[in-house]
Amino acid sequence: MKITFKRVETEAEINVVAQLASEIWNDYYISLISREQIEYMVEKYQSVHAISDQIQEEGYEYYLMQLNGQDVGYLGVKPEEDKLFLSKFYILKDYRGKGYASVGMAFLLQICNAHKLSSIYLTVNRFNDAAIAVYEKKGFKKVQTQVADIGNGYVMDDYIMEKEIALAY
């Protein structure tokens, strides 16, 4: 297993991330939210335009997760003052449950060390039991609940989870 992370910098790479997002979201989230909400959220947060803005205007970094050069998922993060916001961590269905989340977590720790950040936090749908279980297994703890109005009559009903990390400088 040779997992690598390629920083997303080109329009072509942004297009790959947006295609992965559409495929993963339409496959995974249909059991949690409506098809209409999936389409709305993918367009608002994970379309080519949205990802481009996040990278160019908002300080996000995106990484393609590659297995032997093949795109199998992606990460979206935003280094903040003392924490790393894990905005996106998605793996294609055929590659889940194979230890790639652990490799992704190790990569996130490298980012934290490079930026001298002491924790990672994320938001996760409160009914996404599978993802919550993975994050808890990786040391994340629920620290807050949050209901955010995202427009168009939709809300995100989430837990905020956080993992403290020991920096290795």
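1. Charges over a ring. A charge sits over a ring if NZ of Lys or CZ of Arg is within 6 Å of the ring centre and within 35 degrees of the ring normal. Tyr159 meets this with Lys142, whose charged end is 4.6 Å from the ring centre. Arg126 also has its charged end over the ring of Tyr159, at 5.8 Å from the centre.

2. Basis. This is a predicted model, in which local features need pLDDT of at least 70 and side-chain atom pairs count only at pLDDT 80 or more, while totals for chains, interfaces and linings use all residues. Residues are numbered from 1 along each chain as its sequence is written, and side-chain values use heavy atoms, with hydrogens and water left out.

3. Overall layout. The protein has five helices and seven strands. Both kinds of element are DSSP runs, numbered from the N terminus: helices are H or I with at least four residues, strands are E with at least two. From the N terminus, the order is β-α-α-α-β-β-β-α-β-α-β-β. The radius of gyration is 15 Å, close to the 15 Å of the globule rule for 169 residues, so the protein is as compact as a globular protein of that length. That radius is taken over C-alpha atoms, and the rule is 2.2 Å times the number of residues to the power 0.38. The C-alpha trace spans about 45 × 35 × 35 Å along its principal axes.

4. Of the 169 residues, 46% count as buried. Buried means under 20% relative accessible area, exposed over 50%, and partly exposed in between (1.4 Å probe, protein chains only). Contact means heavy atoms within 4.5 Å. Among contacts with a separation of 6 or more, 60% come from residues 24 or more positions apart.

5. Aromatic pairs. There are 11 in the structure. Rings of Phe, Tyr and Trp (its six-membered ring) pair if their centres lie within 6.5 Å; planes under 30 degrees apart count as stacked, over 60 as edge-to-face, and the rest as tilted. Tyr63 and Phe107 are edge-to-face, 4.9 Å centre to centre with 75° between the planes. Tyr63 is in strand β2 (residues 61-67) and Phe107 in helix α4 (residues 100-115), so this pair ties together parts 44 residues apart in sequence. Tyr63 is buried at 8% relative accessible area. Phe107 is buried too, at 13%.

6. Tyr74 and Tyr90 are tilted, 5.4 Å centre to centre and 40° between the planes. Tyr74 belongs to strand β3 (residues 70-79) and Tyr90 to strand β4 (residues 83-91), so the pair ties together parts 16 residues apart in sequence. Tyr74 is buried at 0% relative accessibility. Tyr90 is buried at 13%.

7. Strand β5. Six of the seven residues in β5 (residues 119-125) are buried, leaving the strand mostly covered. β5 pairs with β4 in the parallel sense over three bridges. Strand pairing requires at least two DSSP bridges. Lys83 stands opposite Ser119 in β5.

8. Helix α3. Which residues of α3 (residues 48-57) are buried? Ala50, Ile51, Ser52 and Gln54 are. The buried residues of α3 pack against α1 (11-28), α2 (35-46), β2 and β4. Just after α3, Gly59 takes a positive phi of about 85°.
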